[in-house]
Amino acid sequence: MKRLILPLLAAIALPGIAHSQTVTDTATGDVAVGGNVSQLCMLGTPTPAPVDLGQLATTSGTRVGRIAAIAPRSVTLAGSFCNFAGSAITVTATALVNNDATPAPTGFARAVNYTAAVTNWAPGAATATTGATAGGGTPSASSVGATQGAPKIADLTVNLSNFTAPSDALLTAGSYSGLVIVTLGPAPSGGGS
């Protein structure tokens, strides 16, 4: 009798064990992945730089000693970009001023004014025209261009033109230097259009 009971108990226990260990073959879990990209603007390397205007005064003829006819110059900032909407160009131009700070006598000037215009970013240009005095005072001017409404990459052009001496005076001898600063970044609040 013992032999009959044991196989019967084993047969009853096996189905109960198999039923209580049901396992699925698929499981799903979520892993969040994120990151951040900061606002970034980059200006290309100015080409050509520096800009050498050469002889600024006429050396013969009826205008001898006065500002020469200086051809416009262009500088390219290739591959300039901002990766966000709402950027603008600011251009600050400083007149060419004689490095010799000796005051200019009456009838002479130690400054050359010009216009710097940066194009190919937003509609229009960011344009600054210097208005230095004959003595070289108040040599800087600034302007903010229109706001660019989308991320953009472009070759910017800085055009230098309209070279003049204050009151068309005679230029004092010496080395003259000026500077154009181009800034690309978020549009100032209330600036640009």
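Which backbone oxygen does the side chain of Asn98 reach? The backbone oxygen of Ala173, at 2.8 Å. Before I go on: this is a predicted model, where local features need pLDDT of at least 70 and side-chain atom pairs count only at pLDDT 80 or more, while totals for chains, interfaces and linings use all residues. Residues are numbered from 1 along each chain as its sequence is written, and side-chain values use heavy atoms, with hydrogens and water left out.

Back to Asn98, which is found in strand E4. Strands here are DSSP runs of E with at least two residues, helices are runs of H or I with at least four, and both are numbered from the N terminus. The side chain of Asn98 also reaches the backbone nitrogen of Asp100, at 2.9 Å. Asn98 counts as buried because its relative accessible area is 3%; buried means under 20%, exposed over 50%, and partly exposed in between, with a 1.4 Å probe and protein chains only. Leaving out residues up to four places away in sequence, Asn98 touches Arg110, Thr172, Ala173, Gly174, Ser175 and Tyr176, where contact means heavy atoms within 4.5 Å.

Now the chain as a whole. Of the 193 residues, 31% count as buried. Among contacts with a separation of 6 or more, 79% are between residues 24 or more positions apart.

Not counting residues up to four places away in sequence, the contacts of Trp121 include Phe81, Ile89, Leu156 and Leu184.

A cavity is a set of points on a 1 Å grid over the protein atoms alone where a 1.4 Å probe fits but cannot get out; a pocket is an open set with protein on both sides within 12 Å along at least five of seven lines; and lining residues have an atom within 4 Å of a point. The largest cavity has a volume of about 40 Å³, a volume being the space filled by probe spheres set on the points, which are joined across faces, edges and corners.

The largest pocket has a volume of about 710 Å³. What lies nearest its centre? Of its 31 lining residues, Val51, Asp52, Leu53, Leu96 and Gly178 do. E11 gives the most to this lining, with seven residues.

Last, Asp52, in the loop between strand E2 (46-47) and E3. Is Asp52 buried or exposed? Asp52 is exposed, with a relative accessible area of 62%. A polar atom of its side chain lies 2.9 Å from the backbone nitrogen of Gly54. Asp52 and Arg73 are 21 residues apart in sequence, and 9.5 Å apart in space from C-alpha to C-alpha.

Definitions and conventions: Polar contact = N/O pair within 3.5 Å; in protein donor to acceptor, adjacent residues only side chain to side chain.
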